[in-house]
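Hi,

Here is the structure I promised to pass on. Have a look at it, and then read my notes below.

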Amino acid sequence: YQSLSIAFGIKNARLITFALNLVNIALIIAYLVEYFYKNNLVVIYFLGLIIGPLIFVSIRLLQAKEKEQFGLISSLLKVIMFTGVCSMLVFNLSQS
């Protein structure tokens, strides 16, 4: 199997990943609006710990050229995934 950057080149892979990231952000916002718009705790959690960092990653992704920059983006995405998993606790706490 080839990675996205090998198959399409680094520049195109960055643009594809950027577009997928924007779709991800849009879907998360739509989900928040549909199901949690009245729950301030969940909305603040998602805006501060998931959507905000995803926007930051999107900006950094367009600027990234060096291996270290892509490593930082990878680490940030791992933290965002962790906060996404932790959001299940926030859901449970906010429902009580």
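Predicted model: local features only at pLDDT ≥ 70, side-chain atom pairs only at ≥ 80, totals over all residues.

N92 is exposed, with a relative accessible area of 55%; exposed means over 50%, buried under 20% and partly exposed in between, using a 1.4 Å probe and protein chains only. N92 lies in helix α4.

Residues are numbered from 1 along each chain as its sequence is written, and side-chain values use heavy atoms, with hydrogens and water left out.

The overall picture

The protein has four helices and zero strands, and from the N terminus on the order is α-α-α-α. Helices here are DSSP runs (H or I, at least four residues), strands are E runs of at least two, and both are numbered from the N terminus. The C-alpha trace spans about 50 × 25 × 25 Å along its principal axes. Of the 96 residues, 26% count as buried. The accessible surface comes to about 6900 Å², and 70% of that belongs to carbon and sulfur atoms; the areas come from the Shrake-Rupley method with a 1.4 Å probe, and for residues only the protein chains shown count as cover. Taking contacts (heavy atoms within 4.5 Å) between residues at least 6 apart in sequence, 58% join residues at least 24 apart.

The core

Aromatic rings

Searching the whole structure turned up five aromatic pairs. Rings of Phe, Tyr and Trp (its six-membered ring) pair if their centres lie within 6.5 Å; planes under 30 degrees apart count as stacked, over 60 as edge-to-face and the rest as tilted. F46 and F91 have ring centres 5.8 Å apart and planes at 15 degrees, so this pair is stacked. The pair links distant parts of the chain, 45 residues apart: F46 is in helix α3 (residues 40-63) and F91 in helix α4 (residues 67-95). Both rings belong to a cluster that ring pairs build from Y31, Y35, F36, Y45, F46 and F91.

F46 is buried at a relative accessible area of 8%, and F91 is buried too, at 19%. Leaving aside neighbours within four places in sequence, F46 is in contact with I28, L32, I51, G52, S87 and F91.

Two of those partners are worth a look. S87, in helix α4, is buried at 4% relative accessibility, and beyond its neighbours within four places it is in contact with Y45 and F46. G52, in helix α3, counts as partly exposed at 30%. With the neighbours within four places left out, G52 is in contact with F46 and L47. From G52 to V90 is 17 Å, C-alpha to C-alpha, and 38 residues in sequence.

A loop residue

N39 lies in the loop between α2 and α3. Is N39 buried or exposed? N39 is buried, with a relative accessible area of 17%. Not counting residues up to four places away in sequence, N39 touches S94 and Q95.

The surface patch

L4, F8, I16 and L20 form a nonpolar patch on the surface, with about 360 Å² of accessible area together. The elements giving two or more residues to the patch are α1 (4-8) and α2 (10-35). L4, in helix α1, is partly exposed, with a relative accessible area of 35%.

Cheers

Key. Patch = residues over 30% accessible without salt bridge, like charges linked within 9 Å, V, L, I, M, F, W, Y side chains within 5 Å. Salt bridge = Lys/Arg side-chain N within 4 Å of Asp/Glu carboxyl O.
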